[in-house]
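Open your viewer and keep the sequence panel to hand. This tour goes from one selection to the next and says what is there at each stop.

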Amino acid sequence: MAKKAKAKSSRKKAFLTDVKTLRTRARKHLDQGAIGDSYIGNVQTTIDILQSVLATEIVCVLRYSMHSIAATGISSESVKDEFAVHAKEEHEHAMMVAERINQLGGKPNFNPEGLVSRSASQYVEGENLVDMIRENLVAERIAVDHYRELVRYFGDDDPGTRKMLVDILRTEEEHANDMHDLLVAHEGTPMLKG
């Protein structure tokens with residue numbers, strides 16, 4: 001019985017394409033760039049989704065940048081610094097997404113026209129420091145939920161895009177946590193239930 005299980009197990013793992021086939025496949029359709037024949041997902045759908053992700057990241061860059069300049073108040077300097085760090089990291093995300101769109105054969109859409117309508121998050125300035133923190137927390141929660149869904153959507157169909165989104169998601173979760181901590185510090189009451 002153990003021999004049958006071992007034989008069955010080794011058959012399951014025999015999924016690798018032989019090198020000759022890989023070499024032949026790589027030479028076909030060189031115009032497809034990084035895509036190739038083994039790409040399982042729908043390239044155009046992936047590009048369209050990533051255009052929305054790119055817009056979301058750009059809106060976050062703009063909102064955090066504005067907040068890093070406009071925040072005022074007795075304890076605003078450290079918060080402004082945090083907003084500036086987040087703006088820089090959101091910019092890095094935007095560039096990663098733009099590069100992935102390019103790898104897939106698309107043209108990243110940096111056009112400011114319609115940017116907010118393409119974005120999952122909103123651009124809300126806020127009236128004061130606490131409003132700014134709250135709006136950034138809301139935006140981060142939207143991004144976290146959206147990116148979690150996208151990670152599940154891409155699954156094994158596009159591991160490159162999924163990995164990029166997982167990496168971005170991790171940072172967005174940190175941003176949400178940072179904004180939550182700032183909100184608690186400035187409002188004085190914890191929002192999370194322990």
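Start by selecting helix α3 (residues 43-70) together with α7. Their axes come within 13 Å and cross at roughly 25°, and α3 and α7 are therefore roughly parallel to each other. Angles under 35 degrees count as roughly parallel, over 145 as roughly antiparallel, 65 to 115 as roughly perpendicular and the rest as oblique. Axes here are lines fitted to C-alpha atoms, for helices over the stretch in contact, and angles run from 0 to 180 degrees between N-to-C directions.

Now show side chains. On the α3 side, the contact is made by Thr46, Leu50, Val53, Glu57 and Tyr64; on the α7 side, by Thr161, Met164, Leu165, Ile168, Glu172, His175 and Met179. Contact means heavy atoms within 4.5 Å. By class, this contact of α3 with α7 has seven nonpolar, three polar and two charged residues (Ala, Val, Leu, Ile, Met, Phe, Trp, Tyr, Cys and Pro count as nonpolar, Asp, Glu, Lys and Arg as charged, and the others, Gly among them, as polar).

A word on the model before moving on. It is predicted, so local features need pLDDT of at least 70 and side-chain atom pairs count only at pLDDT 80 or more, while totals for chains, interfaces and linings use all residues. Residues are numbered from 1 along each chain as its sequence is written, and side-chain values use heavy atoms, with hydrogens and water left out.

By class, the contact of α6 with α7 has 18 nonpolar, five polar and seven charged residues.

Within α7 (residues 159-187), pick Leu182. Is Leu182 buried or exposed? Leu182 is buried, with a relative accessible area of 16%; buried means under 20%, exposed over 50%, and partly exposed in between (1.4 Å probe, protein chains only). Leaving aside neighbours within four places in sequence, Leu182 is in contact with Val79, Glu82 and Ile133.

Then move to Tyr153, in helix α6. Tyr153 is partly exposed, at 48% relative accessible area. Not counting residues up to four places away in sequence, Tyr153 touches Thr45 and Ile49.

For the last pair, select α4 (residues 76-103) and α6 (residues 129-154). They pack at about 25° with axes 11 Å apart, which makes α4 roughly parallel to α6. The contact is made by Ser76, Val79, Phe83, His86 and Glu90 of α4 and by Leu129, Met132, Ile133, Asn136 and Glu140 of α6.

Finally, zoom out to the whole protein chain. How many helices and strands are there? The chain has seven helices and zero strands, taken as DSSP runs numbered from the N terminus (helices H or I, at least four residues; strands E, at least two). Buried residues make up 35% of the 194 residues.
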